[in-house]
Amino acid sequence: MAAKSANLYARIEPDVKEQAESILSALGIPASNAINMFYKQIILNRGLPFEVKIPAKKLVNVAGLNEAEFDAELEKGYADMNAGRTKSAKQAFADIRKDYGL
């Protein structure tokens, strides 16, 4: 095994660091080991080990909508339902798990 003697300095958002390290701690993985695994995956994949893209559709933040805009979003959902552009809850959750690697 190669000696671990190279240092990496990176600036990240404190909240992101705290959340990630909390999860890693629960998994029993030191942050340095997780970073080493990430780098090894970059090497194995010859790129990032996950897809990086801009979503095709912009998500709607309903908290920022006024009443008319909210009603318009509800109407779109109702029109999709009437046109058969729906999926079962089981399929929706399966898609979420796939999209977010859960």
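## Salt bridges

The structure holds five salt bridges. The model is a predicted one.

An α-helix has 3.6 residues a turn, so residues three or four places apart point the same way.

How exposed are the two partners? Glu21 has 32% relative accessibility and therefore counts as partly exposed. Lys17 has 41% and counts as partly exposed too.

## Glu51 and Lys53

A second pair joins Glu51 to Lys53. Here the closest N and O atoms are 3.9 Å apart; the cut-off for a salt bridge is 4 Å.

Glu51 counts as exposed, because its relative accessibility is 63% and exposed means over 50%. Lys53, at 60%, also counts as exposed.

## Lys87 and Asp95

The side chains of Lys87 and Asp95 form another salt bridge. The N to O distance is 2.5 Å. Asp95 has a relative accessible area of 22%, so this residue is partly exposed.

## Helix H4 and its end

Helix H4 runs over residues 89-100, twelve residues in total. At 1.5 Å a residue, H4 should span 16 Å.

What follows H4? Gly101 does. The phi of Gly101 is positive, near 60 degrees.

Methods: Residues are numbered from 1 along each chain as its sequence is written. This is a predicted model: local features need pLDDT of at least 70, side-chain atom pairs count only at pLDDT 80 or more; totals for chains, interfaces and linings use all residues. Side-chain values use heavy atoms; hydrogens and water are left out. Helices (H or I, at least four residues) and strands (E, at least two) are DSSP runs, numbered from the N terminus. The expected span of a helix is 1.5 Å times one less than its number of residues. Buried means under 20% relative accessible area, exposed over 50%, partly exposed in between (1.4 Å probe, protein chains only).
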